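Hello,

Here is the structure we talked about. Please open it first, then read my notes below.

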Amino acid sequence: MKVLILGGTGEARSLAAALVERTDTEVVSSLAGRVRNPKLPVGDVRVGGFGGPDGLADWLTAERVDAVVDATHPFARRISASAAEAAKRAGTPLVMLRRPGWSARPGDDWHWVDDLPEAARRLGEFGDRVFLTTGRQGLAEFADCPGWFLVRCVDAPEPPTPAEMRLLLDRGPYTVDGERALMTEHRIDVLVTKDSGGALTVAKLDAARDLGLPVVIVRRPPTPDVEQVSTVEDAVAWLDRSG
Ligand code: NAP
């Protein structure tokens, strides 16, 4: 069975690692190519866009792919829509592997917003010093915001960016102690994050709770109407059923 994993996440790497040992499965992981020095999954990897749903459908047919796992990031909306459309056109079974979103716990002060522009509009309610962890794409939405920003992302962003900004290039995973120290050192008033979910970057939310800081959290975009699983194990079980 030949499986295409649409990747760029820890789950995609774990799934590739789980499948690569199997003698009955050929795995190709696909990355967008956005990050300069990506963490690579084990096994075969291809890099770069497919050219929209048509390009991906053609690729699935030409490469005789038997099943697709969309294990992309919950905020990678275009590739998930493209995968849903392409899989339908090519007649290839598709499952979406999506880690669960985060849930507020007692002591959290979370403020849900629909998108980055709404997050930018709301910031003034919470103070001047912002810890922005929503990634380098979309930073332009905050360019006209007053205040001081600690911006953490994997690669340096292109302008426009906030005028008053300190850039921290890092990719996690992070610890609660480290996140608490970072927010204290920079006298952060508010944390801004997407609801990415997962264990690798959750420490900032625990630290914000400890410090009594508000969090502006961006809701996930809607997903296409395709079958979903939430763990690597369930994705493997789905592949076993569809193989
Ligand atoms: P996006 O807006 O959904 O995708 C933009 C375009 O990039 C897609 O139309 C597709 O090009 C190409 N692409 C995206 N993921 C791909 C993949 N795995 N393999 C091949 N082509 C891919 O995605 P994004 O938000 O820019 O994210 C890019 C990648 O970074 C994703 O793979 C995602 O898993 C990862 N990532 C995203 C975030 C985030 O917050 N958005 C965070 C962490 C990791 P074509 O239309 O030409 O096929």
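**What was found**

Trp110 is buried, at 13% relative accessible area (buried is under 20%, exposed over 50%, partly exposed in between; 1.4 Å probe, protein chains only). Trp112 is partly exposed, at 29%.

Some background: this is a predicted model, where local features need pLDDT of at least 70, side-chain atom pairs count only at pLDDT 80 or more, and totals for chains, interfaces and linings use all residues. Residues are numbered from 1 along each chain as its sequence is written, and side-chain values use heavy atoms, with hydrogens and water left out.

There are 3 aromatic pairs (Phe, Tyr or six-membered Trp rings with centres within 6.5 Å; planes under 30 degrees apart are stacked, over 60 edge-to-face, the rest tilted). One of them joins Trp110 and Trp112. Their rings sit edge-to-face, 5.9 Å centre to centre, with 70 degrees between the planes.

The charged end of Arg46 is 3.9 Å from the ring centre of Phe50. For Arg129 over Trp148, the distance is 4.2 Å.

Now helix α6, residues 203–211 (helices are DSSP runs of H or I, at least four residues; strands are E, at least two; numbered from the N terminus). Of its 9 residues, 7 are buried, so α6 is largely enclosed by the rest of the structure. Lys204, Asp206 and Arg209 are among the buried ones. Their cover includes β6 (110–113), β8 (148–153) and α5 (176–185). Gly212 follows α6, with a positive phi near 70 degrees.

Best wishes

Key:
A charge sits over a ring if NZ of Lys or CZ of Arg is within 6 Å of the ring centre and within 35 degrees of the ring normal. Contact means heavy atoms within 4.5 Å.
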